[in-house]
Amino acid sequence: MGESKPTHSETCCEYCGRPLAPCVVEFGGRRIVAGFRECDCEGARRQKARVEKAEAAKREARLSESRKRAGIPKRFLNATVQHQSLLDYLESFEGSAGQGLYIYGSVGRGKSYSAAALANAFVDAGYRTVFTTASAMLERIKASFSGRGETETVVSRYTACDVLVIDDLGKEDAKEWSSNMMFLVINARYERMRPTIFTSNYSIQALSKRLGRKGEVETAEAIASRLSETTTPIYLTGPDMRITSRS
């Protein structure tokens, strides 16, 4: 018997009309036409480019929505990592063993932008990421006190995620409950070896004094101790970015 030949009706390019070359596969002793090769005419290339552009836009929309759900502010949804030290952290993250970052410096040095850029990178890579300011986290937890079982759920959002980013640590009120709650979140992540990224206007030593300014010295020192052990400090310098961007 001679070799069987695939049978198919001729399929032509919808843009130039040329017959398309069939894609033939061997299966069960038969040759089967599994489709047709793309045409390389100008019309087909333009259509392919339009489809790829539309798919890219859909991917960007999905990523943007994921970033919003993580709590990343609208202003920083397109923030990208720019400092080499932060790029180095991302590259070595798989072996971080719970090690986070403590990004600090004066007002306007790009701390929030840098933290959001890291959060964007983690979201895009598929990590469960939460971005919040210290004050907003504490206010959300406080608001949950009136709901039965709700507080545990809210706190879990911050303690159970893969990566937590806490912006503006030290600006929150230093009341006893807020200091204790901040310690609870930080300690839970410390014990579970889950990385946390912080930004602050204060060095860790100055932060300890800041958090203990209303008498919660022991709790403040405990927080600072854990930050010293589990974060790498990154000091951002330079001009105030908010002022220079307007000049």
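This is a predicted model: local features need pLDDT of at least 70, side-chain atom pairs count only at pLDDT 80 or more; totals for chains, interfaces and linings use all residues.
I began with contacts: among those in the protein with a separation of 6 or more, 74% join residues 24 or more positions apart.

Next I looked up the overall dimensions. The C-alpha trace spans about 95 × 50 × 35 Å along its principal axes. I then checked the radius of gyration and found 27 Å, whereas a compact globule of 247 residues would come out near 18 Å.

On to surface and burial. I got an accessible surface of about 14,700 Å² for the protein, with 50% of that belonging to carbon and sulfur atoms. Buried residues account for 38% of the 247.

Then I turned to secondary structure, where I counted 9 helices and 7 strands. In what order do the strands of the open sheet lie? I read off β4-β5-β6-β3-β7, which is 5 strands with parallel pairing. At the edges sit β4 (129-133) and β7 (231-235), each pairing on one side only. From one strand to the next, the twist averages 15°.

A reminder to myself: strands in a sheet pair through backbone hydrogen bonds, in either a parallel or an antiparallel way.

I finished around β4. Its pairing with β5 (residues 163-167) is parallel and runs over 5 bridges. Which residue of β5 is the bridge partner of Thr-132? I found Ile-166 there. Finally, I followed helix α4 (residues 134-143), which lies across both β4 and β5. Helix α4 runs at about 100° to β4.

Note on methods:
Residues are numbered from 1 along each chain as its sequence is written. Side-chain values use heavy atoms; hydrogens and water are left out. Two strands pair if DSSP finds at least two bridges between them. Helices (H or I, at least four residues) and strands (E, at least two) are DSSP runs, numbered from the N terminus. Axes are lines fitted to C-alpha atoms, for helices over the stretch in contact, and angles run from 0 to 180 degrees between N-to-C directions. Contact means heavy atoms within 4.5 Å. The radius of gyration is taken over C-alpha atoms; the globule rule is 2.2 Å times the number of residues to the power 0.38. Buried means under 20% relative accessible area, exposed over 50%, partly exposed in between (1.4 Å probe, protein chains only). Accessible areas come from the Shrake-Rupley method with a 1.4 Å probe; for residues, only the protein chains shown count as cover.
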